[in-house]
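Open your viewer and get ready to select a few residues one after another.

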Amino acid sequence: MTHAFDPDTLAFYAREAAHYAQAGPKAPSRHLTDFLDRLRPGARILELGTGAGRDAAVMIARGFDLDPTDGVPELAAQGEARIGRPVRILRFDALDADAA
């Protein structure tokens with residue numbers, strides 16, 4: 001059976017979510033500030049792979065209308081704990097945002 005996703009990767013992140021959130025980088029992604037500076041204030045952003053919420057926290061603090069998502073419920077829970085709002089469960093293969 002062919003998957004549009006990698007079940008082993010999803011299982012790894014589910015199993016290691018708490019460790020990943022604690023041990024991962026603390027600073028935002030190196031290109032995030034430049035990216036956000038190019039958007040209009042308050043722009044809507046679909047974040048795929050919110051993870052522990054590191055970059056999401058920056059986007060929210062800067063006033064963007066963020067739709068945070070992650071394909072792994074355990075990682076989404078880590079992100080929710082950090083940013084204080086829901087993180088939608090959404091795998092890349094289930095993305096349907098053509099109209100957006």
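## A walk from strand to surface

Begin by selecting strand 1 and strand 2: the two run parallel and are joined by 5 bridges. Keep in mind as you look that this is a predicted model.

To find one of these pairings, select Arg 44, then look across to strand 2, where its bridge partner is Asp 65.

Now show the side chains of strand 1, residues 44–48.

Next, move to Thr 69, which you will find in strand 2 (residues 65–70). Is Thr 69 buried or exposed? Its relative accessibility is 0%, so Thr 69 counts as buried. Zoom in on its side chain, and you can trace a reach of 2.7 Å to the backbone oxygen of Glu 47. Then display what Thr 69 touches beyond four places away in sequence: the list includes Leu 46, Leu 48, Gly 49 and Val 87.

For the last stop, turn to the surface and select Leu 46, Leu 48, Phe 92 and Leu 95. Together they form a nonpolar patch with about 360 Å² of accessible area. Click on Leu 95, which sits in the segment after strand 3 (88–89). Leu 95 counts as partly exposed because its relative accessibility is 37%, a value between the 20% limit for buried and the 50% limit for exposed.

Key
Residues numbered from 1 in each chain as written. Predicted model: local features only at pLDDT ≥ 70, side-chain atom pairs only at ≥ 80, totals over all residues. Heavy atoms only, no water. Patch = residues over 30% accessible without salt bridge, like charges linked within 9 Å, V, L, I, M, F, W, Y side chains within 5 Å. Areas by Shrake-Rupley, 256 points an atom, 1.4 Å probe, with all protein chains shown as cover. Salt bridge = Lys/Arg side-chain N within 4 Å of Asp/Glu carboxyl O. Helix = DSSP H or I, 4+ residues; strand = E, 2+ residues; numbered from the N terminus. Buried < 20%, exposed > 50% of the residue type's maximum accessible area, 1.4 Å probe, protein only. Polar contact = N/O pair within 3.5 Å; in protein donor to acceptor, adjacent residues only side chain to side chain. Contact = heavy atoms within 4.5 Å. Pairing = 2+ DSSP bridges.
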